[in-house]
Amino acid sequence: MARTMWDSSVGKKTVMAVSGVIMLLYLVAHVIGNLKIFFGPEEFNHYGHWLRTVGEPFMHYEWTLWLVRIVLLVAVVAHAVSAYQLSRRDIKARPSKYVHKKPRASYATRTMRWGGIILGLFIVWHVLDLTTGHVHPGGFQEGHPYENVVDTFSTWYGNVIYIVAMLAVGLHVRHGFWSAAQTLGVGSRTRDRALKTIANVLALLLTAGFIAVPVGVMTGVVS
Amino acid sequence: MKLTLRVWRQKNADADGTMSTYEVDGISPDMSFLEMLDTLNEELILKGEDPVAFDHDCREGICGACSLVINGDAHGPERTTTCQLHMRSFRDGDTIDIEPWRAAAFPVIKDLVVDRSAFDRIIQAGGYITAPTGSAPEAHATPVPKPDADLAFEHAECIGCGACVAACPNGAAMLFTSAKVNHLNVLPQGAPERETRVLDMVAQMDEEGFGGCTLAGECATACPKGIPLMSITSMNKEWLRATRKVKR
Amino acid sequence: MTTYADYTTGDPVADTKAPSGPVHERWDKRRFEAKLVNPANRRKHTVIVVGTGLAGGSAGATLAEQGYHVVQFCYQDSPRRAHSIAAQGGINAAKNYRNDGDSIHRLFYDTVKGGDFRARESNVHRLAQISVEIIDQCVAQGVPFAREYGGLLDTRSFGGVQVSRTFYARGQTGQQLLLGAYQALSRQIAAGNIEMHPRTEMLDLIVVDGRARGIVARDLITGKIDTYFADAVVLASGGYGNVFYLSTNAMNSNATAIWRAHRRGAYFANPCFTQIHPTCIPRTGDHQSKLTLMSESLRNDGRIWVPKAKGDTRPPHRIPEDERDYYLERIYPSFGNLVPRDIASRAAKNVCDEGRGVGPGGQGVYLDFADAIQRMGRKAVEARYGNLFDMYQRITDEDPYEVPMRIYPAVHYTMGGLWVDYDLQTTIPGLFAVGEANFSDHGANRLGASALMQGLADGYFVLPATINDYLARHPHQGEVTGDHPVVQEVLAETEDRINLLLSVDGDRTPDSFHREVGELMWEFCGMARSDVGLRKALERIPQIREEFWRRIKVPGTGQEFNQSLEKANRVVDYLELAELMCLDALHRTESCGGHFREESQTPDGEAARKDEQFSYAAAWEFTGTGEAPVLHKEDLVFEYVHPTQRSYA
């Protein structure tokens with residue numbers, strides 16, 4: 001079954017849909033967590049600490065977090081590799097372009113591909129910036145996410161990268177959520193409107209929620 | 001009406017193609033698009049030039065032979081087949097670009113004629129119900145609920161023209177394949193081969209070099225028979241169900 | 001005066017395969033008497049099938065299922081596109097699901113009567129018997145016939161009958177049935193039992209030692225002319241309505257396969273029996289390349305009328321009820337708008353000839369749904385005819401929900417075709433013809449929804465049973481190869497013809513000749529034929545033919561995809577076939593079914609048959625281009641349905 005899945009274009013889309021949904025669920029949790037920043041450094045940093053102690057005493061310190069990280073890493077890799085292979089197939093399937101161009105023809109495809117690449121690059125920067133601290137502006141303080149976030153969004157490029165990426169998240173989720181529903185076969189004529197609405201609302205809330213943080217820093221609400 | 005046509009000319013599968021420009025005059029708005037091309041071809045023959053090759057047959061919108069991309073749209077600006085497109089959809093003095101279906105799985109044979117045999121092979125892979133002649137039970141032995149019959153019919157309307165592939169930015173054949181899968185899978189007669197059908201047809205579709213689906217929706221917009229995009233969703237569902245049921 | 005209209009009469013031809021005895025037992029009897037081929041031996045036999053429509057598709061699939069090696073051809077890019085796909089209305093079957101008095105015998109009776117007593121009783125009865133199995137077969141294949149809310153099959157009524165026995169799939173019955181056959185065919189192609197050659201056109205028949213042993217065909221992509229050999233050849237290449245240039249046939253439907261077979265010795269029966277369909281969209285101008293049919297089912301609910309006054313040019317809604325002439329309802333009160341096609345067509349022609357026609361050129365009559373919309377509501381009308389209305393609107397730019405449709409008759413079907421016996425075998429042993437390509441079942445007029453029935457009966461059930469007998473009686477006939485002198489000769493003739501077409505380099509296009517002969521045929525061999533007119537046509541056709549070979553211009557070469565060459569080659573055959581059609585029409589000085597001779601009508605203008613003189617099928621033997629053919633008569637005997645003047649009044 002795994003072989004059938006991976007060898008088929010429909011199967012790879014399923015891999016993308018499932019990994020996408022996993023990442024989407026994570027994003028929802030992530031944005032809720034992020035918004036805690038508006039309750040001040042203590043609560044936010046405490047939340048950061050709690051993330052490492054989830055599941056104790058059954059789980060050891062940071063085990064749950066690492067479990068989540070591994071699942072996410074697998075999801076990102078599966079999503080990206082499938083996307084890459086499918087895109088290769090798609091481009092090969094249409095080797096010569098139409099002389100008469102229609103701009104609308106590939107809107108969704110284009111935003112997904114470029115959006116995906118942007119998001120991939122963003123994730124790398126984001127991890128190096130706020131998880132490992134390698135590219136963090138100013139002094140990275142382990143265990144003090146609040147201060148780290150403020151550092152990042154005190155730079156102009158930190159804001160630009162983040163906001164562009166979050167807009168990409170919105171567009172990606174908007175088509176991706178609905179698209180995943182179709183790929184997983186849960187779409188139907190009667191549900192289509194609902195699915196599209198959920199996709200739009202999700203995209204909007206996620207983007208707004210994420211962007212609220214840099215905006216908060218910029219406006220001085222968070223400092 | 002007087003029109004300028006820019007037509008894709010390609011001598012054969014191996015040759016390079018290019019857009020050539022022609023002027024046609026005296027076009028009546030009541031003409032079909034193909035009758036307009038007939039007019040051009042009659043002139044070209046008399047001039048000793050090679051007439052434009054294009055596929056066409058029934059000219060009633062049902063055989064699925066005609067296959068032109070007109071101004072970037074598969075089958076042109078109306079939701080119909082090229083043969084049922086009339087010149088009243090254009091205006092005097094217009095320039096019209098005419099190109100063949102473009103997809104790796106549909107290589108050009110000549111000018112606007114492409115090879116769509118990949119579709120036949122998808123059907124051969126499983127787009128049928130095994131019912132050898134003489135083996136059929138009495139037709140009323142298995143009633144089919146009307147909604148199912150109607151749904152099957154809606155998908156069975158596909159004429160196999162390939163506009164879905166031509167319009168798809170990925171050159172995917174998902175709409176074509178899903179139309180047949182859904183037509184047969186929704187009927188009780190199609191149930192015994194329900195799983196193998198969808199698995200084999202999708203595998204063949206991939207094998208032919210069609211692209212994958214990004215749900216851009218262009219196929220359903222171009223489909224002259226109005227096969228809905230949801231058809232693809234239903235096929236995905238059938239495919240996932242089949243991978244769970246069939247051990248391969 | 002008679003140089004062109006010459007023919008000689010040869011020995012009568014008899015259907016030696018038809019069993020005697022009670023009509024309902026004949027098919028069983030024939031099947032029992034037929035020899036069978038051992039299943040293990042079947043794969044050693046190759047059968048060529050030309051065409052993939054309802055008859056060819058179903059025959060190819062079924063023969064392959066039985067274990068024969070099938071080599072099949074179609075000129076289209078896919079077997080799914082054969083012109084059967086365009087049939088709209090439905091398929092008849094004597095299921096009697098409605099309990100409305102239908103039976104096999106009634107379908108048999110209706111078909112013989114509808115064919116104006118020019119069809120064989122044995123064949124028609126077999127057709128009616130098999131009709132029942134066809135529906136079962138198609139349902140099993142997944143053909144999505146229209147159903148009622150209970151989940152059972154729906155039926156509707158059609159022209160020429162008073163029961164509701166027509167099964168349908170909205171307005172696309174032909175498409176759905178063809179896809180069923182195509183899918184069965186595809187299954188066999190995948191299984192390796194059928195070697196399919198799409199985009200390949202048969203150009204000649206190979207007859208060795210008096211038996212059909214193969215064909216010459218041209219690959220339309222590469223232009224390569226090749227030979228293919230078999231133990232039997234089945235022609236399922238459709239009718240020849242395109243001889244009229246404008247018809248409802250597909251643009252590339254052609255007569256070449258059957259005409260080449262005719263030239264090689266197969267008799268051609270009743271060539272003048274052509275069906276003019278009453279409900280087609282009128283032509284709009286000289287650019288017209290084909291005509292589009294609107295399903296006859298429209299006559300179930302639409303009412304046909306013209307203004308009572310000549311030259312009334314008011315728009316239809318301005319013509320009050322009492323100034324309209326619902327002429328079919330007036331002349332034929334019991335069948336009304338549902339009279340058979342030939343009668344409806346001729347009536348339309350008559351009112352137009354009187355100057356009461358509507359639309360551009362006065363070549364049209366109204367088909368009005370105002371009453372139907374009022375009676376059952378727009379929704380119900382839409383559910384039943386929506387796709388036809390859409391098609392009409394697309395072509396004419398008029399909304400038929402608001403303005404009555406305009407319709408006019410057009411050439412639609414040819415009842416004539418290669419003469420075949422009860423086994424569907426032509427006069428060349430080993431050559432079979434099925435579907436519209438043969439002449440067998442519809443007599444002088446075909447009833448609506450019967451073409452699909454016949455095509456599938458022939459392909460699924462009749463041919464696969466009868467061809468066994470031929471193959472069993474002529475086993476292992478010895479290999480024929482490309483270097484056989486006969487093969488070489490046929491191949492050379494084909495190549496010469498192609499080369500000649502390419503070398504004339506004249507100043508007229510293939511289409512211009514096709515149009516010229518088509519217009520001539522429509523005028524003189526169309527809805528009404530007369531001695532004077534037919535003689536004119538017979539005089540003119542050889543002249544056109546001579547001009548053709550002097551002035552034809554075909555660009556390009558033979559070694560490439562060349563649609564002009566394909567067309568020109570088909571026109572060559574039309575130019576010969578047209579002559580035979582006119583000659584047949586001239587010799588049959590009676591009116592019957594679709595063949596209306598102006599000299600032979602009743603006082604009130606109905607067709608008058610002359611049974612004592614013409615109760616036969618005319619089978620013509622070819623003797624040479626432009627030379628007098630030989631007429632062989634097959635007497636028709638009616639034991640069950642006694643010929644009467646058809647009455648639909």
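This is a predicted model: local features need pLDDT of at least 70, side-chain atom pairs count only at pLDDT 80 or more; totals for chains, interfaces and linings use all residues.

Residues are numbered from 1 along each chain as its sequence is written, and chains are lettered from A and ligands numbered from 1 in the order in which they are written.

Now step back to helix α9 itself, residues 341-353 of chain C. Helices here (H or I, at least four residues) and strands (E, at least two) are DSSP runs, numbered from the N terminus. The expected span is 1.5 Å times one less than the number of residues.

Is α9(C) mostly covered or mostly uncovered? Mostly covered: eleven of its 13 residues are buried. Buried means 20 or more other C-beta atoms within 10 Å of the residue's own; exposed means 12 or fewer, partly exposed is in between, and C-beta atoms are placed from the backbone. Among the buried ones are C:Ile343, C:Ala347 and C:Val351. Show β13 (274-280), β14 (303-307), α8 (327-331), β16 (365-368) and β17 (405-414) of chain C to see what the buried residues of α9(C) pack against.

**A strand residue in chain C**

Select C:Phe73, in strand β3 (residues 69-73) of chain C. This residue is buried, with 26 other C-beta atoms within 10 Å. Leaving out neighbours within four places in sequence, C:Phe73 is in contact with C:Val50, C:His197, C:Thr200, C:Met202 and C:Ala217. Contact means that the C-beta atoms of two residues, placed from the backbone, lie within 7 Å.

**A helix pair in chain B**

Next, select α3 (residues 146-156) and α5 (residues 174-185) of chain B: they pack at an angle of about 155°, with axes 8 Å apart. Axes are lines fitted to C-alpha atoms, for helices over the stretch in contact, and angles run from 0 to 180 degrees between N-to-C directions. The pair is therefore roughly antiparallel, a label for angles over 145 degrees. Show B:Ala152, B:His155 and B:Ala156 on α3(B), then B:Ala179, B:Asn182 and B:His183 on α5(B), and you have the contact.

**Where chain B meets its neighbours**

Display chains B and C: 66 residues of chain B and 62 residues of chain C take part in the contact. On chain B's side, α1(B) supplies the largest share, six residues.

**Last stop: chain A**

Hide the rest and look at chain A, which has eight helices and zero strands. Its C-alpha trace spans about 55 × 45 × 35 Å along the principal axes. Of its 223 residues, 30% count as buried. Among chain A contacts between residues at least 6 apart in sequence, 69% join residues at least 24 apart.

Notes. Angles under 35 degrees count as roughly parallel, over 145 as roughly antiparallel, 65 to 115 as roughly perpendicular and the rest as oblique.
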